[in-house]
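Here are some friendly notes to read with the model open beside you. Please take the points in order and find each place on screen as you go.

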Amino acid sequence: MSRRITLILASLLLGPSVPMALAQHDHGHEEHGKPAEFKMPATYKDGVAEIQHRLHEIEELMEAKKLDQVHSQAEVIQKVGNIIGQLALKPNSGVPKEAIKDVNKAGRELAAKFDAIDKAGDSGDLAGTRKVYEEMTKLCDTLENYLPKEYACPMRCEGDKTYPQPGKCPKCGMALKEVAAKRGPHGGPLAWSADHKCGIEATLSKDNEVRIYLCDEKSKPLSADRVAVQAHAGKKGAPESEHRPVSLMLDGSKSSLAGKIAATVKPPLTIMLVVDFKDGKKAQSFNFDFERPTAAAHEEHKQDKGHHGDEHKEHRP
Ligand SMILES: [Zn+2]
């Protein structure tokens with residue numbers, strides 16, 4: 001089936017309120033090279049993943065200084081942004097009703113960033129492109145916040161398959177673990193201890209450094225020495241046998257545990273944590289998936305080596 005037909009079919013399936021301009025949008029920008037290959041997502045989760053993926057592509061294009069190609073990635077984000085509200089409205093999207101308005105707004109705003117990032121990209125303006133990109137990343141974080149809770153086998157017996165409720169893996173019988181999806185105060189995915197008293201957040205920097213932060217229910221930071229953590233990292237969806245240990249060190253201020261993932265393991269990647277909360281109970285395990293490095297909006301560790309210095313993102317307006 002041609003991509004154009006797929007797109008029209010998708011818009012028919014998605015109902016009458018999809019703007020018809022969507023189907024016609026394929027044409028008109030040939031001067032920027034081929035439009036990006038993509039299939040219209042059918043679920044909220046896939047829609048958010050598509051936007052995350054395209055933002056990651058834009059990040060790489062900026063690093064490779066290929067700004068003329070930003071256009072086709074941003075165009076996909078525009079299309080998905082325009083329908084993400086409808087995907088959130090679907091009965092099993094997992095998005096709470098009261099959040100639909102917020103999701104719709106973030107989606108529309110994301111779509112509306114197309115002109116700005118296209119213009120900046122076409123004029124070779126790296127700083128301008130990055131500025132719009134960061135605004136888009138923030139909007140994408142809003143969408144990620146409403147992703148429903150998901151559970152998966154820690155051994156990934158069924159690949160990327162997830163369940164909306166805890167239970168047992170049908171293949172190996174292990175208890176399903178929550179896959180962290182929501183954001184913590186440092187912009188990384190956040191999961192909770194069984195008693196919900198301690199939030200555990202992981203961030204991933206562009207140079208593959210992972211940091212683990214703890215917080216209480218009110219997002220107030222907790223000292224990172226309250227827990228003992230074992231970490232393994234590998235390609236997302238790879239069997240656990242291919243995951244490699246990551247040694248974590250407590251930083252001087254005890255605000256986080258930090259370690260380096262082998263440079264050969266690029267996102268999308270999964271970090272598996274076994275966390276001993278030192279409460280006499282059994283250690284809990286968590287899987288953190290990273291489609292891309294986390295936005296470094298709250299990065300507190302600028303003393304890190306100084307390379308990539310111009311790419312840090314602290315200086316938001
Ligand atoms: Zn299993």
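**Notes on the model**

1. Let us begin with the start of the chain. Two residues are in contact if their C-beta atoms, placed from the backbone, lie within 7 Å. Where pLDDT is low, the predicted coordinates should not be read in detail.

2. Now the ground rules. This is a predicted model, in which local features need pLDDT of at least 70 and side-chain atom pairs count only at pLDDT 80 or more, while totals for chains, interfaces and linings use all residues. Residues are numbered from 1 along each chain as its sequence is written. The protein chain has an average pLDDT of 82, and 81% of the residues score at least 70.

3. Next, please find the sheet. It is open and has six strands in the order β1-β2-β13-β12-β8-β9, with mixed pairing. At its edges are β1 (150-152) and β9 (244-246), each of which pairs on one side only. From one strand to the next, the twist averages 35°. Some terms: helices (H or I, at least four residues) and strands (E, at least two) are DSSP runs, numbered from the N terminus. Two strands pair if DSSP finds at least two bridges between them.

4. Which way do the neighbouring strands run? Strands of a sheet pair through backbone hydrogen bonds, either parallel or antiparallel. Here β2 (residues 177-180) and β13 (residues 284-290) are parallel, with two bridges, and Val 179 stands opposite Asn 287 in β13. Strands β8 (residues 228-235) and β12 (residues 269-276) run antiparallel and are joined by eight bridges; Lys 235 stands opposite Leu 269 in β12. On β8 you will also find Ala 233, which faces Arg 244 in β9, for β8 and β9 pair in the antiparallel sense over three bridges.

5. Look inside next. The largest nonpolar core has 34 residues, and those with the most contacts inside it are Val 210, Ile 212, Val 229, Ala 231, Ile 271 and Leu 273. Such a core is a set of buried Ala, Val, Leu, Ile, Met, Phe, Trp, Tyr and Cys residues joined through C-beta atoms within 7 Å. At least two residues of this core come from each of β2, β4 (189-192), β5 (199-204), β6 (209-215), β8, β11 (257-260), β12 and β13. Strand β12 gives the most, with five residues. Not counting residues up to four places away in sequence, Val 229 touches Ile 212, Leu 248, Leu 257, Leu 273 and Val 275. Apart from this core lies another, of 31 residues, among them Leu 87, Ile 117, Val 132 and Met 136.

6. In α6 (residues 114-122), the buried residues are Phe 114, Ile 117, Asp 118, Ala 120 and Gly 121. They cover an arc of only 165° around the axis, so they sit on the same side of α6. The arc is that of the directions from the helix axis to the C-beta atoms. Among the elements covering these residues are α4 (70-89), α5 (100-112) and α7 (126-145). Just after α6, Gly 124 takes a positive phi of about 70°.

7. Finally, some backbone details to check. Most residues other than glycine have a negative phi, and most peptide bonds are trans. Asn 208, in the loop between β5 and β6, has a positive phi near 65°. Why does Asn 208 count as buried? Because it has 20 C-beta neighbours inside 10 Å; the cut-offs within 10 Å are 20 or more other C-beta atoms for buried, 12 or fewer for exposed, and in between for partly exposed, with C-beta atoms placed from the backbone. Lys 254 lies in the loop between β10 (249-250) and β11 and has a positive phi of about 55°. A cis peptide bond, with omega about 5°, joins Pro 267 and Pro 268; Pro 268 is in the loop between β11 and β12.

How values were computed:
Axes fitted to C-alpha atoms, helices over the stretch in contact; angles between N-to-C directions. pLDDT = per-residue confidence, 0-100.
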